[in-house]
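Visitor: Could you walk me through this structure? I would like to learn how to read its features one at a time.

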Amino acid sequence: MTQGPVEGQVEGPGRAGIAGVTAAAFSALAQFVLVVVVTRAFTAAEAGGFFAATAVVLMAAGIAKLDAGNGLVYFIARAETYGYLGISGYIRAALVPCAVAAGAAAVVLYPQVGVVAAVVPVVVLGDVLLAATRGFGAMRPTVLLDGMVLPAAQLVLVAGVAVAGAVEWLPVAWALPYVPVLVLAAAAVRGRAPRSPYLPGTGRDLWRHTAPRSVAGAVQAVFQRVDIVVVALLAGPAQAAVYTAATRFKVVGQLANQGLAQAVQARLVGALASGEPARARELYQAATIWLVLLTWPVWLGYAALAPWLLRLFGPSYGSAAPVALVLAGTMMVATACGMVDVVLTAAGHTWTSLLNLLAAVACTLALDLALIPAHGALGAVAGWSGGVLVKNLLPLWQLHRRYGLHPFGRHTLGALRWRAWAAA
């Protein structure tokens, strides 16, 4: 039996959290360099068309995932106590509907984005399988495959296309690395999931829990990338390229939050399922302070250096400094809230999470439609900022009202001690 944390010692996100954030930093850097390569090698209109196409593909993949990955994390983490009996059935029950939805999305998208639409099922199934490995408590496949192999391979292939000047091959170069990620993720799950008969009611249990989150996952996928698509439609692909470049750093916060969330999500579910709110509070506060410490220096540096950093994308991109300032301020507020939505859904409030996301998307779209025609990229970041604030402040208030949970508290300083961090 493992020894629990010593009284007064916070067990932080630990080695898994460090690995997740390291992979997030590497992925963010690779994506930033990829955008620099594309904007330097091609015209703003060509770059904007590429960014809009990939945003549409990732939006469709996010919808077709049906949030099955988080559903698997929930059921696999809870199944450890009885030897993961029947878990292989849950994995099959998750994959089949996702494959059907992704295939349908690829067919619908093909006339709009071309052959790159074929990657949608590959993205979806790879993501669901990687989530399953996290349910078994393994962060390494996600860190290596999604955090390092995928962005590095995309950067190398896209850079090769840029050197060749073959803009028509950009989407293919970006899409190809998802194939080995899917194959290796399937191998990782196969090595961890014990084979067992399909138990009656498995699919019903999985999708009864996951259905509200499926809708929320679709809304979240739209929320993350709809701004690029709307800018391309309302202000043209050149403004979409400027907006993508200026907001590329937002992926730092998103990936850092995702890295920490992936590391502690299974433990949050376990703590709340076993009636340990104090343990859930420790995890929430420990993750929040590390998220702030890791990302705030980035936002402050980006705000200060934006006029110079943006010129890396090309001389015409330096004028987007106000977009960077709005982005930096918004992300500092969002990261200070911590992973509020993860805590809310781990507590079982999936419908509340869905309503929060719908409110955020409605806010973003309303502001986008009102501001983008007149203000272009700056109007788009204002719309995105409004949605992000709604998405974080609403669940923060709900967690405070229902559970008295706060992102900062008596466990915050304890989480900074290396011994507490490394013990996790």
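This is a predicted model: local features need pLDDT of at least 70, side-chain atom pairs count only at pLDDT 80 or more; totals for chains, interfaces and linings use all residues.

Visitor: What is W174 in contact with, leaving aside its neighbours within four places in sequence?

Guide: The partners of W174 are F50, T54, V57, L58, V116, V119, Q154 and V158.

Visitor: Now the fold as a whole. How many helices and strands does the secondary structure of the protein chain come to?

Guide: The count is 17 helices and zero strands. Burial is the next thing to read: of the 424 residues of the protein chain, 56% count as buried. Then look at how far apart in sequence the contacting residues are. Among contacts between residues at least 6 apart in sequence, 82% join residues at least 24 apart.

Visitor: How do I read a helix pair? At what angle do the axes of α2 and helix α4 cross?

Guide: Take the angle and the axis distance together. For α2 and α4 (residues 87–113), the axes cross at roughly 160 degrees and come within 9 Å. Angles over 145 degrees count as roughly antiparallel, so α2 is roughly antiparallel to α4. The crossing of this pair is right-handed.

Visitor: Which residues meet there?

Guide: From α2 come A53, V56, V57, A60 and A64. They meet C98, A101, A102, A105, L109 and V113 in α4. By class, the residues of this contact are 11 nonpolar, no polar and no charged.

Visitor: Is the crossing of α5 and α8 left-handed or right-handed?

Guide: That one is left-handed. Helix α5 (residues 120–135) and α8 pack at an angle of about 30 degrees, and their axes are 8 Å apart. On the α5 side the contact has V122, V123, L125, G126, L129, L130, A132 and T133. On the α8 side are Y178, V179, V181, L182, A185, A186, A188 and V189. This contact has 14 nonpolar, two polar and no charged residues.

Visitor: Is D67 buried or exposed?

Guide: Buried means under 20% relative accessible area. D67 has a value of 13%, so it is buried.

Visitor: And R195, where does it lie?

Guide: R195 is in the loop between α8 (178–190) and α9 (202–235). Exposed means over 50% relative accessible area, and R195 is exposed because its value is 70%. Leaving aside neighbours within four places in sequence, R195 is in contact with S88 and R190. The C-alpha atoms of R195 and G89 are separated by 8.5 Å, though these residues are 106 residues apart along the chain.

Note on methods: Residues are numbered from 1 along each chain as its sequence is written. Side-chain values use heavy atoms; hydrogens and water are left out. Contact means heavy atoms within 4.5 Å. Axes are lines fitted to C-alpha atoms, for helices over the stretch in contact, and angles run from 0 to 180 degrees between N-to-C directions. Helices (H or I, at least four residues) and strands (E, at least two) are DSSP runs, numbered from the N terminus. Angles under 35 degrees count as roughly parallel, over 145 as roughly antiparallel, 65 to 115 as roughly perpendicular and the rest as oblique. A crossing is left-handed if the near helix is turned anticlockwise from the far one by less than a right angle, and right-handed if clockwise. Ala, Val, Leu, Ile, Met, Phe, Trp, Tyr, Cys and Pro count as nonpolar, Asp, Glu, Lys and Arg as charged, and the others, Gly among them, as polar. Buried means under 20% relative accessible area, exposed over 50%, partly exposed in between (1.4 Å probe, protein chains only).
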